[in-house]
Structures are given as C-alpha cells and as structure tokens.
Amino acid sequence: MAESVRHHTLSVLVENKPGVLSRVANLFSRRGYNIYSLAVAPTDDERFSRITIVVDVESSPLEQITKQLFKLINVVKISELDPRDSVERELMLATVQAEAGKRGEIIELVDVFQGRIIDVGHDELTVMLADTPDRLDACEDLLRTYGITELQRTGRVALPKLERMPPRLRSIKGKAS
Amino acid sequence: MQMSGGQALIKSLELEGVEVMFGLPGGAILPVYDPIIDSPIRHILVRHEQGAGHMAEGYAHATGRPGVAMVTSGPAATNVVTPLCDAYMDSIPMVCITGQVPLPSIGTDAFQECDTTGITQSVTKHNFLITDAKDIPRVVREAFHIATTGRPGPVLVDVPKDIVDPKNPRSAMDWYWPTDEEIRDGLPGYRPTTKGHPRKIREAAEFILQSRRPVIYAGGGILKARAAEALRELAELTGIHVVTTLMARGAFPDEHPLCLGMPGMHGNYTAVTSMQEADLLIALGSRFDDRVTGKVGGFAPEAKIIHVDIDPAELGKVRRPDVPIVGDCRLVIEEMVRALRDLGGSEAQPDRNEWKSRISGWQEKYPLTYEQSADGDDLKPQFVLENLRDNTPDDTIVVSGVGQHQMWTSQYWRFNHPYTWVNSGGLGTMGFAVPAAIGAKVGRPDKMVWAVDGDGCFQMTAQELVTATAERIPIKVAILNNAYLGMVRQWQEMFYDERYSEVYLSPDLPDYKMWAESMGCIGMRVESPEEVLPAIEKANEIDDRPVVIDFRTDSREKVYPMVPAGLSNDDIVVDPTQGEGGH
C-alpha cells in the first residue's frame with residue numbers, strides 16, 4: 001500500500017480546553033505540514049480529547065511534526081500509529097442517484113460492502129459505510145458510476161492492533177519546551 | 001480575602017516578582033490600571049504599544065528576568081504583535097497582558113475588539129483568554145512559568161473587562177495563590193527536559209576527543225541558560241575555538257584568544273571559514289539559522305554535528321546531528337566537561353596545531369577592515385563605532401536596530417561580558433533599538449546603555465524618547481545617519497545593478513538634533529572625524545536625560561564580509577581591498 005508509506009496516523013491526546021484544535025490546525029498551516037484527515041472527540045476522561053490526525057509525511061519528516069506538536073502546551077501525549085499495526089476506520093455517507101430501475105443494484109452493492117441504506121428519497125438513496133479507508137475508496141468508486149450527488153467522509157480514527165503481533169504503538173515521551 | 005479580578009491581577013504580578021512593567025492604558029484594561037496606583041510595581045507609560053513590547057524585551061535581555069507589558073484591547077493588542085513575534089523568534093521571556101472586551105461582547109465585533117489570542121497564537125509560546133476571575137492568579141503563574149522555563153518565550157494573557165471590573169459582580173473572587181504543584185498539575189503537557197542524556201553526553205565527549213578540527217558554535221541559548229561560565233570552561237579545557245552568533249555576542253569574551261567572533265552572512269572570514277572547514281561543530285544553543293549556514297547543502301560539509309538545545313524540535317530541523325542532546329545548555333555543558341575529564345581531558349586530545357595555525361593564518365590574512373574617509377567626506381560608520389567602543393565602559397550595554405549599523409556594531413564592538421548586547425536577531429525588527437535600550441536601562445540602571453541605530457530604524461520608534469525623558473531613563477543613542485535604508489541600498493547596489501528603488505531618506509529631513517531636543521533629549525550633530533570623540537565624551541557625562549547624536553556617515557559604505565543570499569559560505573565576499581575571499 002503506497003498510502004501507508006506516505007501517510008502516518010498520529011493519535012494526539014490534548015487537554016480539553018477551548019481553542020486547542022485551532023492551535024493544532026494553526027501549527028500545521030504555519031509550518032507547512034499537510035493534514036490528510038483529522039478527527040476529534042472527547043475521551044473517557046473529560047479532561048482530555050483525542051485528535052486523530054493523518055499526516056502527509058512527504059511534506060515534512062514525521063519527527064519534526066511530532067516535535068513541533070509537542071511544543072504546544074496543551075498537547076499531552078502523542079502516539080504514532082503505523083497503519084500496518086493498527087486498526088483504522090472511517091465513516092462515509094453518500095447520497096446516490098437511484099431511479100427505480102437502479103435501486104436494486106445499488107442496494108446489492110451496498111450489501112456486499114456491508115453498508116446500510118439510511119435514507120430513501122424519491123430518486124435518491126443515502127448510503128452509510130464504516131470501514132477501512134481503502135474499502136471506502138472502493139465503494140465510493142463503484143457508487144460513482146451511478147452518480148453521487150453528495151458525499152461526506154469523516155477523518156479516520158485508529159487504535160493499535162491487539163496481541164499476536166506486538167503493537168508498534170510508539171509512544172513518544174512528552175517533551176515540551 | 002475577597003477582591004476584584006483587577007486587584008488580583010496586579011497582586012499576582014507583584015507576587016511573581018515584577019518590579020516594572022511597560023504599558024499604555026485604554027478602555028478594556030482600565031480596571032486593571034486603577035490598582036496600579038496602589039502597587040509598588042513601577043509602570044512606565046509608553047507612547048506606542050510596540051514600544052512597550054520592545055522595552056519588555058530589552059529589560060528581559062539585560063536582566064534575564066521576564067519583561068512585562070500591559071496594553072488594552074484591539075489596536076493596542078495588534079500593536080504588540082511585532083514585539084511578541086520578535087520575542088518568540090529570539091526566545092525572550094516576556095509576559096504580555098492585554099485587555100479584552102467584556103465576555104458577553106466577545107464575538108460581536110464590539111468597539112476595540114479583536115481576536116487577540118487567535119492573532120497571537122503563532123507568535124507566542126502560549127496564550128490564554130481568561131474567562132473567570134477566579135482563574136487569574138493561576139493563569140498569571142502559569143504564564144510566568146511557561147515564559148521563563150524550557151525554551152523561553154512570550155506568553156500573552158487576554159483579560160476581558162468584566163472579570164476585572166469591580167463594578168461587575170463577575171469580577172469578585174476569593175484570593176488564593178497556587179502552589180508549584182498545582183501549576184505543574186495544571187499543565188500536564190508541559191515538561192521541559194533540562195538534563196541531557198548521560199550516554200549522549202559521553203558520546204559527545206568522545207567525538208570531541210577524536211576531532212582534529214573542532215569549532216564550538218555558540219548561540220543565544222548559552223545566554224538564556226546562563227551558561228557563559230560553563231562555555232568558557234569547556235573551551236579552555238579543550239582549547240577549542242568558539243564562534244558566537246549574533247544572538248550570542250558576549251557569551252564568550254571577544255578578547256579571549258579562542259574567540260573567533262561572529263559567523264554568518266556578515267560574519268568575519270575566520271569565523272565563517274573555520275566552520276566550513278571543521279570536522280566537528282559543537283552547536284550549543286544555536287539553531288542553524290539561514291543567516292549562519294548560508295546555503296544549507298554547502299554548510300560545513302565535512303563536519304560531524306553535536307547539537308545541544310533545550311527545544312527538541314531544533315535538533316534535526318535544519319541539519320541532522322550526529323549527537324543530539326536535549327537539555328539546558330548550562331547543565332549539559334557542565335556534564336560534558338565532567339565527561340571529558342573522565343576520559344582524560346585535554347591530554348586525551350589529538351594534536352590540533354595544524355588546525356590552530358590555519359585559523360591564525362585566516363585571522364592574519366582577513367581581519368575586519370575598512371578604508372578611512374578622505375578629508376571632508378562623510379564619516380565611516382566603523383570609525384564612529386571604534387571611537388564609541390574605545391570610549392565607553394567595558395560593560396556598556398549596546399542595543400541596536402536592524403540593518404547595516406547592526407552588523408557593524410556586532411563586528412566592531414568588543415563584547416567581553418554576557419548580557420551587554422541587545423538586538424533583534426530572528427525577526428529583524430527595525431525600530432527595536434530605542435525602546436529596547438530604554439527597557440535595558442530600566443533593568444540595569446547601574447550600566448551605561450548606548451543604542452546604535454540607523455536613521456531608517458530611528459524614525460520607526462523614536463517617539464519612545466519622550467517616554468525616556470519623562471521617566472528619566474538616560475539612554476544614549478548614536479544614529480549612524482547615512483540617509484538611506486542602508487542594507488537595502490547595499491543589496492540594490494550589489495544585486496540589482498545599482499538601481500536604487502525607494503531607499504533614499506535624506507540626511508536632514510527630519511532634523512534629528514531638533515527632533516531629539518523637542519523630545520527633551522540633548523541633541524548633537526557630528527560631521528567630521530575630530531568632532532566624534534568630544535561628542536561621545538559629552539554624551540557620556542550626561543546622566544539626567546537621553547542623548548541623541550546624529551553621526552553623518554558615508555552612504556556608500558557596505559558591510560563586508562558578505563555571503564550573498566542563497567550562496568554557500570564558501571562564496572564569502574571580503575572587503576574589496578583584501579582581494580578574492582572565496583576558497
């Protein structure tokens with residue numbers, strides 16, 4: 001997978017304070033790093049949120065990106081998730097043109113991907129699929145032949161793989177200055 | 001004890017040991033200015049908020065203590081953006097308090113509202129918007145803690161009016177003073193590393209003991225870490241020469257036989273070339289700035305790198321180090337000296353006589369030089385600086401603006417004490433000198449403070465001399481008045497076929513002498529070499545008000561040596577009288 005080389009996933013634990021996301025986003029734009037996708041949500045501990053960032057490591061070395069992130073006072077911990085040793089999921093919602101004759105085909109296709117039809121209109125369907133980013137890509141490509149009128153994907157979220165292989169969750173020790 | 005947020009803010013500053021702050025009041029910060037009347041903190045009323053910021057920087061440069069600026073919201077906050085960025089680039093500890101519109105008005109485009117924390121996010125080490133009066137003491141403590149520890153930097157605290165205004169119930173709070181532990185626990189993501197890794201330090205010592213052509217590349221971090229003594233011990237133990245970057249002038253005495261002076265774009269030939277030819281660079285608190293490295297690909301091609309910095313992000317940012325060490329420069333150098341002694345100290349080093357004789361050869365062949373002016377011609381700026389240098393106390397604090405005069409001052413002054421050189425390095429802020437000199441003098445009233453300024457720079461912030469006169473801060477300003485934006489002129493002459501575009505300023509518009517006098521200063525004008533010394537001597541005797549001397553200097557004079565932008569340091573251009581410089 002070419003993507004696993006270019007893109008790295010950083011799981012960034014931040015203080016749950018106003019403006020933290022803006023600091024992270026601002027850092028990326030100021031230093032010229034590219035964000036491929038980004039997802040934010042509170043953690044089980046209300047003091048912290050987790051930002052899952054997929055970064056393009058061709059724009060800058062990952063080491064520089066994590067070091068600069070650590071300099072943000074509100075960043076508490078950064079874990080680097082190698083796509084090969086983590087489970088990643090992303091959610092896609094897509095509204096697809098589906099006149100009567102095509103509906104069956106689309107529903108069949110969505111079934112193959114284990115997605116769901118979550119809304120039905122006069123000549124459109126809204127499809128939901130939660131899967132790995134490349135499966136989403138495949139499904140999206142196939143749906144496109146029917147005509148996609150609207151599409152929304154979340155950033156990916158990820159956690160390290162369990163047991164068997166030792167997870168290559170490299171927890172980088174927090175160094176701030 | 002019940003008090004208002006405004007009182008709590010001033011009390012917090014007092015408890016942080018603030019003795020002086022620089023500022024200018026306005027609508028949103030009014031309630032915080034009221035308790036200042038009853039506070040022992042000295043407040044210096046500036047004439048423009050940018051001045052307050054640079055004064056705080058100058059104060060911090062000269063004393064090592066955090067500078068404090070306080071201004072109101074909106075335009076005042078945007079006026080301190082430049083000093084904040086300047087302090088951020090040069091790692092100056094500084095705390096800036098800004099007023100903000102009341103909380104319910106935030107986001108409504110209220111009068112004098114601006115998104116101060118948003119605007120200053122990328123020019124501060126950290127910033128805060130306080131939303132509850134009870135947070136004031138904690139945030140002030142956190143701000144000072146962040147500004148002064150790790151890699152120092154500016155921290156901004158934005159304070160909405162309603163939480164400091166005693167007329168508003170929202171400002172009522174019970175006074176408390178947070179403990180060190182509470183501050184630590186409140187900043188779970190902030191744990192600067194100060195102690196270097198012992199194995200890496202030993203490895204560095206081994207590299208040093210194997211090197212035949214080592215150079216110590218000392219940066220501003222030496223001064224921030226109060227590591228000048230430790231640096232001297234390292235240099236003397238190993239006999240390794242030291243270059244001091246623009247931000248590190250004075251960190252190692254210029255008169256020391258191992259001192260090579262300033263490297264970089266306008267560094268002297270020996271400092272530049274010794275780094276190029278080195279087999280080991282010991283980078284201590286320096287950051288491989290483009291003005292030092294020239295074209296990075298051609299910088300010190302054969303050198304292994306030991307890089308010590310308290311900011312982990314500096315290691316490998318520009319040049320990959322062979323031995324990276326994260327830590328406080330003073331602690332790391334002390335450990336390095338210990339490790340070197342353990343490994344046999346100076347006895348265990350290879351013979352470096354050949355290297356030393358190459359260095360002294362360069363020093364003899366390419367000293368700094370300039371041609372004296374012919375009779376009746378304008379003064380040479382270097383001549384003025386030599387006179388100033390030789391007729392002021394050894395520990396005079398010298399403050400400069402940005403441009404040719406800054407480079408000449410760094411080149412021609414003899415800095416023998418740390419914290420005697422104050423300038424804007426990273427951001428290159430024209431107009432820095434006058435306010436920064438005022439801040440330095442406030443912090444070190446026992447020392448003579450001379451600002452060396454250009455005529456272009458002087459016009460940007462000269463109004464702060466009114467502040468200096470009113471507050472009886474007797475700084476001295478030497479304007480090297482060449483009637484041009486000199487550095488830009490130099491580039492246009494050298495790289496734009498002498499097509500001078502928008503660089504001429506006129507020598508006598510404004511009339512600097514009259515302008516100085518109108519601001520309550522003593523003003524002088526010096527046009528011929530024999531007037532130079534008497535003017536300096538007269539200025540040195542004046543201790544009750546600022547002095548400004550307008551030195552009319554030669555506009556054709558250029559700063560040499562010079563590594564043209566984008567070229568390798570091997571392509572250094574020396575003074576034309578010294579022939580070809582490259583090697």
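**Core and sheet**

Start at Leu281(B): leaving aside neighbours within four places in sequence, Leu281(B) is in contact with Val215(B), Tyr217(B), Met275(B), Ala300(B), Ala303(B) and Ile305(B), contact being C-beta atoms, placed from the backbone, within 7 Å. This is a predicted model, where local features need pLDDT of at least 70 and side-chain atom pairs pLDDT 80 or more, while totals for chains, interfaces and linings use all residues. Residues are numbered from 1 along each chain as its sequence is written, and chains are lettered from A in the order in which they are written.

Leu281(B) is among the residues with the most contacts inside the largest nonpolar core, which has 193 residues. A core here is a set of buried Ala, Val, Leu, Ile, Met, Phe, Trp, Tyr and Cys residues joined through C-beta atoms within 7 Å; buried means 20 or more other C-beta atoms within 10 Å of the residue's own. Apart from that core lies another, of eleven residues, including Leu125(A) and Leu129(A).

Now the sheet. Six strands of chain B form an open sheet with parallel pairing, in the order β16-β15-β17-β18-β20-β19. Strands are DSSP E runs of at least two residues, helices H or I runs of at least four, and two strands pair if DSSP finds at least two bridges between them. β16 and β19 of chain B stand at the edges with a single partner strand each, so one side of each has no neighbour in the sheet. Five bridges join β17 to β18 in chain B, and Trp450(B) stands opposite Lys476(B) in β18(B).

Note on methods: Buried ≥ 20, exposed ≤ 12 C-beta atoms within 10 Å, placed from the backbone. Contact = placed C-beta atoms within 7 Å.
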